[in-house]
Amino acid sequence: MQNSSANQSLSSHPALLAKSAAELERIRRAIGDSTTSPDLREIIRQERRARGDRTPRDSPLTEDDLFIGIARPPTLRTDRAHWTCSLCSNVKAHPVAYTCGHSHCFVCIRLHLERSWKCPLPDCAKLMRQPPHRIYSEEQGIAYDFPHWDDPSVVSYSWDGLTFPRPLIFSDDE
Ligand SMILES: [Zn+2]
Ligand SMILES: [Zn+2]
């Protein structure tokens, strides 16, 4: 029986491809990884975090967890790219911004943060190490430019349950 695992190069460990705990088990069985090291899973998790990947929750967050009440933002499209959320293509509802300066709807980015800690704009992809913040200037700008867009929705602005990756000793994303 092969005793591979924590000592081999973890960055090339096939289990890093796993998207869930169940898949990790499948991969470990498939590659004959019989290690019982309780640390391996944690090491793999940290490796994936360091790359900006998240391990999905067993019961994923939904919009219903993030909106308060049943009202949702009405559809409103614009050719003004700076008011458009790149995740939902609608005018940004309850916009929040990162340290990189890019902003999205609170709900869109909160759901995105379930999968990745990276800014969703491919040209940016900056790793987020703290929650985005509410951006009042955009809220006001959108209200000014679209006075008839009556958005009755309310969101929680909650970042509960998120733990962001800690800074690396040798970081290339700051
Ligand atoms: Zn959005
Ligand atoms: Zn960005």
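Strands here are DSSP runs of type E with at least two residues, helices are runs of type H or I with at least four, and both are numbered from the N terminus. Two strands pair if DSSP finds at least two bridges between them.

The structure in the viewer is a predicted model, in which local features need pLDDT of at least 70, side-chain atom pairs count only at pLDDT 80 or more, and totals for chains, interfaces and linings use all residues. Residues are numbered from 1 along each chain as its sequence is written, while chains are lettered from A and ligands numbered from 1 in the order in which they are written.

Next, select strand 2 (residues 95–97), which three bridges join to the antiparallel strand 3. Within this pair, Ala 97 stands opposite Ser 103 of strand 3.

Now select residues 85–121, listed by UniProt in an unreviewed entry as "domain: RING-type". UniProt positions follow the numbering used here, feature names are shortened, and annotations may be inferred rather than shown by experiment. This stretch is 19% helix and 16% strand, with its end C-alpha atoms 10 Å apart.

Proceed to the largest nonpolar core, which has 14 residues; among those touching the most other members are Cys 105, Phe 106, Trp 117 and Met 128. Helix 4 (residues 106–112) gives this core its largest share, four residues. A nonpolar core is a set of buried Ala, Val, Leu, Ile, Met, Phe, Trp, Tyr and Cys residues joined through C-beta atoms within 7 Å. A residue is buried if 20 or more other C-beta atoms lie within 10 Å of its own, exposed if 12 or fewer, and partly exposed in between, with C-beta atoms placed from the backbone.

Phe 67 counts as partly exposed because it has 19 C-beta neighbours inside 10 Å. Phe 67 and Val 155 are 88 residues apart in sequence, yet 4.3 Å apart in space, C-alpha to C-alpha.

Finally, colour the protein chain by pLDDT, the predictor's confidence in each residue, from 0 to 100. The chain averages 81, and 67% of the residues score at least 70. Over residues 1–8 the pLDDT is below 50. Where pLDDT is low, the predicted coordinates should not be read in detail.

Terms used. Two residues are in contact if their C-beta atoms, placed from the backbone, lie within 7 Å.
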